[in-house]
Amino acid sequence: TGGTTRSDGANSTDDSGTSTISITSFPVNVDGLTNTYIDHSGILGAELDEVGYDYEMQFTFEGPPQFVAGNTEVAHDISALEAARLTQEQDMELAVIARIQTAFMGMHVVPGGPYDPEETGSIQATLDKVEEEDASVGILGWGVGDVPPTQLVMQRLYDKAFFQDNSDFQVATSSPSAMPKLVVDGELAMGSFSATHGAASQLLNDELKPLYFGVDLLQENGWGMPPLSDVVTTQEFLENNREACAAIARALNRGTDWVYNDAIDEAPEDPELRDILIAEEPEAAEYALEYHIEDGTKYSPESTTLWEDNGVTDEWVENTKTALRNVEEVDQLESGWEDRLEFVQF
């Protein structure tokens, strides 16, 4: 099974008695690349078949709503932060069964442009200028995992409000494929994205540069490691299908191993995989992968972006919980989530 769409419920059983698990994945970025690989290569199917399951994978931007509606059991497109919010907002008991990426996306500007800190004098001066000129700031959406780090950075380090109902900036939402060009063209003063969220070509060609990376600033200030995407299911599903959850985690780890060791030789020459990386040219796709797997790549954050080992670790759990507690302190997460969110080690 691979790449199929499902919207009629989850965990069906075929005539042979095999349970079919419904899974969602973000369709772009490196997590979309990893899940496409384990889907198309048969890795995920083989791991699940070994423990008596089948699956259906849906690549969609609507994964979180599908999960909340009960139409899918396992989501590769919900972070521990989003899961913590869902425990309170949707009265759910959830489990994080693997980690994928940190909230590595950064706020970007045009080099030499009016909002380049080398022109304004500092990051603070840039943000003051954007506010004073009532210029627009781009994000992928208020529910995306890079927003809470942005809120913490803006409020605690630069004395700026960045909330949906209270913001010192004009905030516009845009798709990953469109936003970098809007910044380059001056339609947006700055935008939050990354090399695998549409900006590979522009970063490679020095048309864009990072203003800051929230994940780096949070780490520097001891505010934890915010997550961007993890693998999440309900505690009930985990309890009834633990072997299947472990198989999904194993398959993901094999996919990430491919990204770290082989994708850079394969993906740039494959138009479908380049599309997932939102990179038109092979050179841009190669840079997008280097951005995640090589330290010190141009315009990349200092912090880890893609976990090489997808397994949940004690250190990661504590770092993630620290970030979530800080998000709670700026009133962007309701209390009580720690009692309803489980972190699972297989």
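How do the residues of the lining of the largest pocket divide into nonpolar, polar and charged? They divide into eight nonpolar, eight polar and four charged. Here Ala, Val, Leu, Ile, Met, Phe, Trp, Tyr, Cys and Pro count as nonpolar, Asp, Glu, Lys and Arg as charged, and the others, Gly among them, as polar.

The model is predicted: local features need pLDDT of at least 70, side-chain atom pairs count only at pLDDT 80 or more, and totals for chains, interfaces and linings use all residues. Residues are numbered from 1 along each chain as its sequence is written, and side-chain values use heavy atoms, without hydrogens and water.

The largest pocket holds about 460 Å³ of space. Its lining has 20 residues, and Phe26, Phe61, Pro64, Glu82 and Val144 are the closest to its centre. A pocket is an open set of points on a 1 Å grid over the protein atoms alone, where a 1.4 Å probe fits, with protein on both sides within 12 Å along at least five of seven lines; lining residues have an atom within 4 Å of a point. Volume is the space filled by probe spheres set on the points, which are joined across faces, edges and corners.

The second largest pocket has a volume of about 330 Å³. Among its 16 lining residues, Glu82, Arg85, Glu89, Trp142 and Gly143 lie nearest its centre. Helix α4 gives the most to this lining, with four residues. Helices are DSSP runs (H or I, at least four residues), numbered from the N terminus. By class, the lining has seven nonpolar, five polar and four charged residues.

Technical notes. Helices (H or I, at least four residues) and strands (E, at least two) are DSSP runs, numbered from the N terminus.
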